[in-house]
Amino acid sequence: MGDRFADETVGDGAASGEYLLTERLLGRMCGRYTLFVDQEELEDRFDARVADSAAPLEPRYNAAPGQKLPVITNENADEIRHLEWGLVPSWADDDSGGLINARAETVAEKPSFRAAYESRRCLVPADGFYEWVETDGGERVGESRSSSDLRSNGGKQPYRVAREDDRPFAMAGLWERWEPETAQTGLDAFGGGLEDDADDGPLETFTIVTTEPNDLVAELHHRMAVILEPGREREWLTADDPRACLEPYPADELRAYPVSTAVNDPATDEPSLVEPLESA
């Protein structure tokens with residue numbers, strides 16, 4: 001996919017062509033998360049196994065749009081597969097401008113998500129997610145106002161939100177399978193010509209559903225990812241009408257703490273990103 005991704009803000013994202021650079025998405029929605037629990041624990045938690053064709057799970061301290069990340073689809077709820085974050089509708093002309101979020105309030109209506117909401121839902125395993133908060137004068141927790149890295153991000157302080165017990169959870173997701181149009185001519189139509197391009201195959205992508213924030217996340221942002229209650233994860237995958245699953249997760253089961261602005265760079269993916277930032 002290309003390097004441009006969109007949040008569902010105004011209009012219908014892919015339908016309206018409203019795409020924003022990943023770097024400009026900081027602080028606008030659920031745009032980064034973590035998943036660094038070991039593979040065996042994750043498989044036990046979700047009663048699913050990593051697909052034989054997939055690479056072993058690697059710890060992710062800064063999962064970002066455009067990356068292939070673990071999901072569990074309704075197509076095979078016993079298998080953990082890697083799909084690309086940034087949903088491309090099956091009817092899209094090309095694979096650019098993947099949508100990283102879908103609003104719970106309108107997900108059943110918007111053309112970009114309607115079909116996936118009806119028949120292609122998924123679980124997105126995580127053990128935390130990041131939100132960015134405007135700070136007073138660009139001052140980061142524990143640093144002086146001269147902190148250049150915070151000012152370069154417009155005075156936003158990143159926070160990590162996780163369960164109180166640090167256990168992994170599932171975010172509600174939608175997935176799609178997009179296939180490029182192929183037009184074979186000349187010798188190619190009979191198996192001759194250039195070798196097939198591996199990128200010409202189906203592209204499987206996903207988006208994370210967001211909802212109104214609970215009291216904890218409301219202090220950080222006006223939206224939050226839909227975190228599913230464990231008892232409703234299978235309901236989200238299989239129910240004819242899963243709207244009841246889309247409520248904000250209880251605030252008293254989560255915690256939030258400030259982390260380093262090193263997380264602003266999607267190329268940075270290391271354990272130090274999840275360490276609490278100590279106040280001066």
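1. Helices (H or I, at least four residues) and strands (E, at least two) are DSSP runs, numbered from the N terminus. The model is predicted: local features need pLDDT of at least 70, side-chain atom pairs count only at pLDDT 80 or more, and totals for chains, interfaces and linings use all residues. Residues are numbered from 1 along each chain as its sequence is written, and side-chain values use heavy atoms, with hydrogens and water left out.

2. Glu-84 sits in strand 7 (residues 79–85). With a relative accessibility of 8%, Glu-84 counts as buried; buried means under 20% relative accessible area, exposed over 50%, and partly exposed in between (1.4 Å probe, protein chains only). Between the C-alpha atoms of Glu-84 and Leu-69 there are 6.2 Å, and the two are 15 residues apart along the chain.

3. On the overall make-up: the protein has five helices and 17 strands. Of its 280 residues, buried ones make up 50%. The protein exposes about 13300 Å², of which carbon and sulfur atoms supply 45%; accessible areas come from the Shrake-Rupley method with a 1.4 Å probe, and for residues only the protein chains shown count as cover. Taking contact as heavy atoms within 4.5 Å, 73% of the contacts between residues at least 6 apart in sequence join residues at least 24 apart.

4. Five strands form it in the order 5-3-11-12-17, with antiparallel pairing; two strands pair if DSSP finds at least two bridges between them. Strand 5 (60–63) and strand 17 (254–258) are the edge strands, each pairing on one side only. On average, neighbouring strands of this sheet are turned by 30 degrees against each other, direction ignored. The axes are lines fitted to C-alpha atoms, for helices over the stretch in contact, and angles run from 0 to 180 degrees between N-to-C directions.

5. Which strands does strand 11 pair with, and over how many bridges? Strand 3 (residues 33–35) and strand 11 (residues 128–134) are antiparallel and share two bridges, while six bridges join strand 11 to strand 12 (residues 156–163), also antiparallel. Phe-129 of strand 11 is the bridge partner of Tyr-33, and in strand 12 the bridge partner of Phe-129 is Val-161. Six of the seven residues of strand 11 are buried, so this strand is largely enclosed by the rest of the structure.

6. A nonpolar core is a set of buried Ala, Val, Leu, Ile, Met, Phe, Trp, Tyr and Cys residues joined through side-chain atoms within 4.5 Å. The largest one has 29 residues, and Leu-123, Leu-174, Val-209 and Trp-236 touch the most other members. Helix 1 (39–46), helix 2 (114–119), strand 13 (169–178) and helix 5 (233–238) are the elements that give two or more residues to this core. Strand 13 supplies the largest share, three residues. A second, separate core of 27 residues includes Leu-69, Phe-206, Leu-220 and Leu-254.

7. Neighbours within four places in sequence aside, its contacts include Tyr-117, Arg-121, Leu-123, Leu-174, Val-209, Pro-242 and Leu-246.

8. Aromatic pairs come next. Rings of Phe, Tyr and Trp (its six-membered ring) pair if their centres lie within 6.5 Å; planes under 30 degrees apart count as stacked, over 60 as edge-to-face and the rest as tilted. By this rule there are five aromatic pairs. Phe-36 and Tyr-61 are stacked, at 5.1 Å centre to centre with 20 degrees between the planes. Phe-36 lies in the loop between strand 3 and helix 1 and Tyr-61 in strand 5, so the pair ties together parts that are 25 residues apart in sequence. Phe-36 is partly exposed, at 31% relative accessible area, whereas Tyr-61 counts as buried at 14%.

9. Tyr-117 and Trp-236 form a tilted pair, with 6.2 Å centre to centre and 55 degrees between the planes. This pair links distant parts of the chain, Tyr-117 in helix 2 and Trp-236 in helix 5, 119 residues apart. Both residues are buried. Separately, Tyr-33, Trp-85 and Phe-206 form one aromatic cluster.

10. Is Arg-243 buried or exposed? Arg-243, in the loop between helix 5 and strand 17, is exposed, with a relative accessible area of 56%. The C-alpha atoms of Arg-243 and Val-107 are separated by 9.8 Å, although the residues are 136 apart along the chain.
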